[in-house]
Amino acid sequence: MELKELSQKIRDAFPEAIQEEQANAIVIKKESLLPVAKFLKEGETQFTNCHCVSGLDRKDKQLEAIYWLYSFKHRFMLTLKVILPRENPEVESVSGLWKSANWLERETFDLFGITFLHHPDPRRILNPDEWTDWPLRKDFDRPDFYRLPPVQGLKG
Amino acid sequence: MNQIDAWKQENIGSDEFIINMGPQHPSTHGVLYLELKLNGEIVLDCRPHIGYLHRSCEKIAENRSYTQFIPFTDRLDYLASMNNNLGYCLAVEKLCNVQVSDRAQYVRTIIAELNRIASHLISIGTFAQDLGAYATPLFYAFRDREKVVELYEEVCGARLTYNYMRIGGVSQDLPPNAEKIIKDFITYERKKLVEYNELLTYNAIFLARTKKIGPLSKELAVNYSITGPNLRATGFKWDLRKDEPYMIYDKFQFDVPVGTIGDSWDRFKVRLDEITESLKIVEQAIGGVPEGTAVSKINKIYKAPAGTETYLRTENPRGELGFYLMSDGGTGPYRLKIRSPSFSNIAILPELIRGLNMSDAVCVLGSIDIVMGEIDR
């Protein structure tokens, strides 16, 4: 399977979904991520494995959410990207389709501040819950000292 | 439910309560904090909390050159540092189009496979320790691992964090006596594997503790992106070394051991069998190391054109380790993402231990074989 072939398949099913085709990735419009993901997983392409989810800060006022999907049937790794605005980046969560996305999206939220809508457990995962910064963004200013609010004890 | 159980349920009730397992607990293999909701001894729900070891390796990478980041990969999965080194170096080589000599490929394969053996030995030893087989299996495993570690000490001078692989090769060639040490180790370890089978694998108590505890289906494992021995234990025959060969793994004859139902025993057995397979690979590789140099040129700056990105994954002892690298034309990565196998593997824990006894939860956690260093990164 080739990337060209795959993007044609997506185009046939969702004529408006593809925003841009890169050398080794397909950029999807953010509102059509969920239907395209569902199509890729449940359709003939059989992307049953969401290998990894991460983010990328492009500096030019844009953030990217990146999804690596794997199809054991075709032995093909697909890179899907969604370009999001830096102010209020929001995209639908795919954790309903792939459970592995649950923690990986939490990590992306934790480090980049990308909000995954309808996520079952939208908390930070590595950093303290009380923190308000997004450390992997390029404009993150590293403070010399941290003072976190005292831990409140167990919640929920 | 039989009559006695029904009577117990009616007459000996207990309230639901929450206990904290960890962050400091001998069986959590590092600083993992599990919030367990229990009814008596039955686990009703579990919420893992991670991040105690978060060192922000990905951010550090953005301020380092490609070569400077290699020592940091040692500290991800610190029981399989060589494999991390290898995965990272392969990713950078793919990004920057660096050629690697034949000899270096062989040396890397031997070293990485030996590290897989050492890592699986620890996993087996600590798993038995978690089950209550106090100290003896652990010491046996560490005794065997010591031989690998001593070899590494001779090869690169370090025992735990090796920093051995370089972009384009390795930091120094194998010492002249390495071939003999490795061949001796292969003979030695093959005998010991028989002992492990006698001591643990078919031991009645061990079987009673691990069989049918925390079974995992293929579909769920793929959906959770479980990789490595945990995936193979479910019966899914998938090994990157076999199915998407990188380096020179396609030159060697070896099998991919698989389990049947993916329970704790299967996960343990797959690891034990993988040691046998790794020994096969090392034996074939040590016999065919070509002449030449394995050492890469030092003090070289590596660069990739702006905007190039690459994603490369390798088969680590604990699963598929992936490195995503993006370059902006500089001497270091613009963005580095580490896809660590344990991170995805531990995410399934609540699903596996729901409804089990507290002591079996420890068994499942031990059999998943996590390393907190690469979960928190």
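I looked up B:Cys96 and noted that, at 13% relative accessibility, B:Cys96 counts as buried (under 20% relative accessible area, with exposed over 50% and partly exposed in between, for a 1.4 Å probe and protein chains only). I am working on a predicted model, in which local features need pLDDT of at least 70 and side-chain atom pairs count only at pLDDT 80 or more, while totals for chains, interfaces and linings use all residues. Residues are numbered from 1 along each chain as its sequence is written, chains are lettered from A and ligands numbered from 1 in the order in which they are written, and side-chain values use heavy atoms, with hydrogens and water left out.

**B:Pro137.** I placed this residue in helix H6 (residues 136-156) of chain B, where helices are DSSP runs (H or I, at least four residues) numbered from the N terminus. B:Pro137 is buried, with a relative accessible area of 7%. Neighbours within four places in sequence aside, I found B:Pro137 in contact with B:Gly125, B:Ala128, B:Leu199 and B:Leu200, contact being heavy atoms within 4.5 Å.

**H6 against H7.** I read an angle of about 170 degrees between H6(B) and H7(B), with their axes 11 Å apart (lines fitted to C-alpha atoms over the stretch in contact, with angles from 0 to 180 degrees between N-to-C directions). H6(B) is therefore roughly antiparallel to H7(B), the term covering angles over 145 degrees. Among the residues that meet are B:Pro137 and B:Tyr140 in H6(B) and B:Leu199 and B:Leu200 in H7(B). By class, I noted 13 nonpolar, no polar and seven charged residues in this contact, with Ala, Val, Leu, Ile, Met, Phe, Trp, Tyr, Cys and Pro counted as nonpolar, Asp, Glu, Lys and Arg as charged, and the others, Gly among them, as polar.

**H7 against H12.** I also followed helix H7 (residues 178-201) to helix H12 (residues 264-287), both of chain B, which pack at about 160 degrees with axes 10 Å apart, so H7(B) is roughly antiparallel to H12(B). The contact includes B:Leu200 of H7(B) and B:Trp265 of H12(B), and its residues divide into 13 nonpolar, three polar and seven charged.

How values were computed: Helices (H or I, at least four residues) and strands (E, at least two) are DSSP runs, numbered from the N terminus. Angles under 35 degrees count as roughly parallel, over 145 as roughly antiparallel, 65 to 115 as roughly perpendicular and the rest as oblique.
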